[in-house]
Structures are given as structure tokens and as C-alpha cells.
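Here is a short briefing on one protein model. It covers a helix pair, a pocket and a cavity.

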Amino acid sequence: MASREGDPALGYLTRKETEVKLPRPTRVKNKTPAPIQITAEQILREARERQEAEIRPPKQKITDSTELADYRLRKRKEFEDLIRRVRWNKSVWVKYAKWEESQKDFNRARSVWERALDVDYRDHTMWLKYADVEMKNKFINHARNVWDRAVTLLPRVDQLWYKYIHMEEMLGNVAGARQIFERWMSWEPDQQAWLSYIKFELRYNEIERARAIYERFVQCLPKVGAWIRYAKFEMKNGEIGRARNCYERAVDKLADDEEAETLFVAFAEFEEKCKETERARCIYKFALDHIPKGRAEDLYRKFVAFEKQYGDREGIEDAIVGKRRFQYEEEVRKNPLNYDSWFDYIRLEESVGNKERVREVYERAIANVPPAEEKRYWQRYIYLWINYALYEELDAQDIPRTRDVYSECLKLIPHKKFSFAKVWLLAAQFEIRQLNLSGARAVLGNAIGIAPKDKIFKKYIEIELQLGNIDRCRKLYEKYLEWSPENCYAWSKYAELERSLSETERARAIFELAIAQPALDMPELLWKAYIDFEIAEGEFERTRQLYERLLDRTKHLKVWISYAKFEASAMEEEEQHEDLPEDVLQEQRQLCIQRARRVFENAINYYRTSSPELKEERAMLLEEWLNMESSFGELGDIELVRVKLPKKLKKRRQIEIDDGPAGYEEYIDYLFPEESQASNLKILEQAYKWKKQKIASDDDDDDNDDDDDDID
């Protein structure tokens, strides 16, 4: 029974009775859309229709003064109790004061407002509502008192001043409103307050007073906007001289201000309206010279539009150039190491033709030296110097200045880390154009001593060769080869020079020195030049020896083919001697063919025995041999080569990558005749072995059978 008794804490209810039974969630079996869809609007409308009527308290009708006094006492007690609980709640004070106002008990209402202000006098909304109540009920002096106290305690709240002034103006008390404005202005408020004061005076047509306020305004807040408003005020009143004076004073005081662009534009537009186009042009130009380029975008646009409207062709072009100049100035200011922007800027100035400006831009550009001594940073920068020197020489025609530019450039380049052959060569060519050969030689000599390069040697040798100084050329080649002994180009050109001078032995000696070098950058070109040299001299035996020496060093396919072609071409050389008898020529042809065949046979033997894996090279060699035999005509023997040609086989092999096999690829393999014979022999050998093993196994089986019979 004890468990069924109620719990006193639960109002003598049992636990089961206090449990909240939630409806079991129904499982939706059919999730297909219903045939009739219900919108959210229908659901809300139906819920509103089913709502019960709102229960409102009944209206209380008061019939006599006693009942009214009781009602007032009860309401005041409620408000006072509420205030004691939430004294800081402003809405309670406002409701209390408005209720007292509704009862026409204005003294009590004022008392409530005063008590509320004692709680928090910094809340300007309370002052506004207090003053509105006084004004609404036409207690003007009381309202004045409230406004006066409010603006005294909260002078930085503009709304209080506006409301106070509006009340006095509505009452027609213009002098009083002006006095309030003066009190307000003594606090030096923001711009809108001054403008309101000026509009107030203008409403009563007090132009002089408004002008005096403007003077005080621009002294208190010396901003560009204030001066422009002052000047427009004078312009509106037809005082052009005064307006211009305002602009001039503003320019004197605010020429370096951040908003100076707006001031200059307004000043120029003012002069434009006054038909003073020259004055406007001067203002624009003065502004463009004094305002930083980054803040003069609108100014440039206005100036271009002005010149298009009033200027001549020269002025328009100057304005357009000025606009583009501004863009380039902005780009180089953001990134002074962007040399492409400097090039564009320089081209613009060169198109204008002002030498001083061009030089100034060039000097500013070359002052931005790359921060790191790495050639890739200097490759674009060095062209600034080159263009500068070419401009001074060709356009400005200032020869001493050009020489100084080249000299300063060569001093600036870090030659120990890297150099620019182009600059050295241009400096030397400049001296040659000035007929200063010793100066050019001095420049190139310094280049070879400080920063030797292939281009410098080649150009220096070319210059001396044109002048016919062979001894100087030889010395330069010697210096060249001392600096770069592996340079096959230099060796070849040196030998070519000696050959052109009919110094065959010297040329041959140079070639011998060249091929004896331990390291060469392109030895194949050097050997080819040496071989061509001996062929041109008709030294066939020496040529053969050279080929043999070359084959000792490399067995490359091209060397074999070139050697064979040389032996075959010797036949053509012999045919040129038409004075020889026919039988002698025939014998010589046969000899040449045999030599060529011997070369091919040696090559084939080498590839067959020493490098059997180079099947493709061997096949190509046979193709060349076959073509050569065909070119010999009747003297050729095609069958000699055809029997040696391989068969082409298409095979597949697995592609191997780091992760493992990755499919198959097709390739061409070559099967040569001796390989096919060997493969046939291998097959016969394997068959013989298999037969032998089979016979041996049969004999073993017979022996086992005999042993079994003996046991039985």
C-alpha cells in the first residue's frame, strides 16, 4: 500500500500518474506522395481558424471620483512597486510618466521624468521624450528649460541641439534659434552642424551672416570639402572674385592634403565655367606636378577631357602622354624592378622627344640594380644600359656621354661571377664607328683579360682579319685556345685560316695538336674538318691513315660509312683524269671498289664478333653497302651483300617500370643468316640429346624386367 500512496512532493500523486506518456512514433509504411498535396499556407490557415478567441480583460468603467481616486492610487502603487524592483528599466519610467500625463496630472508626470533623469541623465532618449511631452502639451517654457538642461549636460548629442533649434524656429523665435546655434558652434561640432547653421541663415536671406559662418567653418574644419562648399556658395551668389579667392586660399593651405586632387578638379572646373580656359589649364598642370601620381588618376582623366574639349592637337597629345605617364609611374612605383615597365615608360618619353626627361627616366631605371648577383636577374636589366647608350649615340648624338654610359655599365657588371659579351662588343663597335681603332682594341683586350668569352674572341678575330692583321689573328687564336683548349670550333677556324694563307703544314700541325688534346667538346666535327682538309689537298693516303686512327678511337657506324664512301669517292677523283688510258682507269676503279668492300667487311666482322648486340647498326651498314654496290653499276656485286642481309622479325617484350611490369611493346629484331644456321644446329643437337636420353631410359627398363624374372 505504501507504494500506492501519493508523494507529498508531487502533490500526493503517484509516480505513475505524473509520468508523461509520449505518443508512439508511427511508422510510415507508404512513402509515396499523397494524391492531394497540402501546402504550408493551408496548414497555417487551418491552425488560425481553429484558434480560440483571445481572452481580454473586461473594460473597467469608473463612475465617481472616489472610484477614480482608488484606481489612480492602485496604479501608482503598481508603478512604484515596479520601479523599486527594476529601477534601471527605462521603459517602466516612460510608461509611468505617460500614464500620469494621460491623467492630466502634469506635475506628477514631471516628477516622474525628473526621477528618471536622476537615475541616468546620460540617456538622451529620456530628454527627448521629456521635452516632447512638454511641447505636445504646449508648456513652452518648461520645454525650453528641459532642452537647455539637456544641451548643457550632453553637448555632443547633435539631436538635442537640432530639436531645440527646431522648436524655437517653429515658434518664430529666430533670434533665440540663432543664439542656440552660437552656443552649439562654440563646441566646434562636425561639418553637418555648420551647414545646418548656414542653411538656417540662408532661409532668412542673411547672406552676410552665412558668409561669416563659412569663414568660421573653414577655420574650424579646414577640409577640402568645406572650402569647395564655401566657393560654391560665393559662386551661387554671383561673387566670382570671392569664389576664386576661396579656391586660392584653399590651395595655399591644402596643396599637400590627401584630398587635394578633388580641390584642384573643382578649382579647374570653376575656371572652366568662368570661360577662363588658360587658368584652368595652368591649374591642371600645377596639380599634376604637385600631386603624387598614385592619387592623380581622376585628375588625369579630367585633364584629358578638358584638353580634348578646349586644347589644340599638341595639348591633346601632351594630355594623353601625361595620362600614360601617370600609369607607368604607378607601375614602376609599385615594382621598381619590373624592367618591362621601365622599357615602356622610356619608349613613351622617347616618342615625346624631350631629351632631359628621357635621360631622367633612363637614370632612374638603371639605378634599380638587381638585388642578387645572378645572371638571370641581370639579363633584362642590362638592356636598359644598352638602350641608354644607343639613345645617346643615335638620337641625342652625344658621343662623350655614350662613352661614359658604356664605361659605367662595364664597371657595374660583376665580371668575376658573370659577364655580358654583348656589352663589350657594342662598346668596341661604338669605338670603331668613331674611327677609334685603338679604343676598340683596348675594350676587346680588357674583355679578353677580365671576362673571356667565345663571342668576344670571334668578333675580335673577325675585326683583325678584316683589317688584314694576320699576326694579330694568330695571337688571338693562341689566346683563344689557351683559354679553351677543348673548343673544336676554334681549332678548326685556326687551321682554316692557315689553309687560306696556303700554310698547309701549319694547318696540318694545328689539326694534329687539336686531335691530341685529352678533352674536346665536339671531336667528330674536328676529325671531319681534318679529313676534309686532307681530301681537299689530295692526300688520300694521309686520309686513310686518319680514318684508321679514328677507328682506333671509335667504332661508330657513321665512321665506317664515311670511310667506305671516301674509298668509293676516290674512284670519282680518278675519273677526272681523262688523259689516262681506259684500262688503267678500269684497274683503278676496281681497286677503289675493293677498298670500299674491305672497309665494309671489316665493319661487319667487328659488329659480328665484338658487338653482336648492335644488330640495328649492322643492318643499317648492310643497307648502305647494298646501296653503294647498286651505285657502282656493272662493277657492283649486289648478290655479295644480299646473302648477308638479315630477316626482320616483329617481337614483343615486357615494359618494366619502377612499380613493376606495365604491359608489352612491339619491336623489330634482326635475324642474320649465320644465326639461323646456328639455331638449326642447336635444334638438331637438342633432338640428338633427347634421342640419346630416350634410348638410355629404355635400356634401364629392360634391365629392371630381367631382375624381376630372376627373383621369381
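Which handedness does the crossing of helix 13 and helix 14 have, left-handed or right-handed? The crossing is left-handed. That term applies if the near helix is turned anticlockwise from the far one by less than a right angle; clockwise is right-handed.

The model is predicted: local features need pLDDT of at least 70, side-chain atom pairs count only at pLDDT 80 or more, and totals for chains, interfaces and linings use all residues. Residues are numbered from 1 along each chain as its sequence is written, and side-chain values use heavy atoms, leaving out hydrogens and water.

**Helix pair**

- Helix 13 spans residues 240–254 and helix 14 spans residues 260–273. Helices are DSSP runs (H or I, at least four residues), numbered from the N terminus.
- Their axes come within 11 Å and cross at roughly 155°. Axes are lines fitted to C-alpha atoms over the stretch in contact, with angles from 0 to 180 degrees between N-to-C directions.
- Helix 13 and helix 14 are therefore roughly antiparallel (angles over 145 degrees).
- On helix 13, the contact (heavy atoms within 4.5 Å) uses I240, A243, R244, Y247, E248, A250, V251 and L254. Helix 14 answers with A260, L263, F264, A266, F267, F270 and E271.
- By class, this contact has 12 nonpolar, no polar and three charged residues. Ala, Val, Leu, Ile, Met, Phe, Trp, Tyr, Cys and Pro count as nonpolar; Asp, Glu, Lys and Arg as charged; the others, Gly among them, as polar.

**Largest pocket**

- The largest pocket has a volume of about 440 Å³. A pocket is an open set of points on a 1 Å grid over the protein atoms alone, with protein on both sides within 12 Å along at least five of seven lines. A volume is the space filled by probe spheres set on the points, which are joined across faces, edges and corners.
- Lining residues (an atom within 4 Å of a point) number 15, and E524, K528, L550, V559 and S562 are the closest to the pocket centre.
- Helix 29 (523–536), helix 30 (540–553) and helix 31 (557–575) each supply at least two lining residues. Helix 29 has the largest share, seven residues.
- The lining divides into eight nonpolar, three polar and four charged residues.

**Cavity**

- The structure holds one cavity of 30 Å³ or more. In a cavity, a 1.4 Å probe fits but cannot get out.
- The largest cavity has about 40 Å³ of space.
- Its lining is F106, A109, R110, W113, Y130, V133, E134, N137 and F139.
- Helix 5 (106–119) and helix 6 (124–136) each supply at least two of the lining residues. Helix 5 gives the most, four.

Technical notes: Angles under 35 degrees count as roughly parallel, over 145 as roughly antiparallel, 65 to 115 as roughly perpendicular and the rest as oblique.
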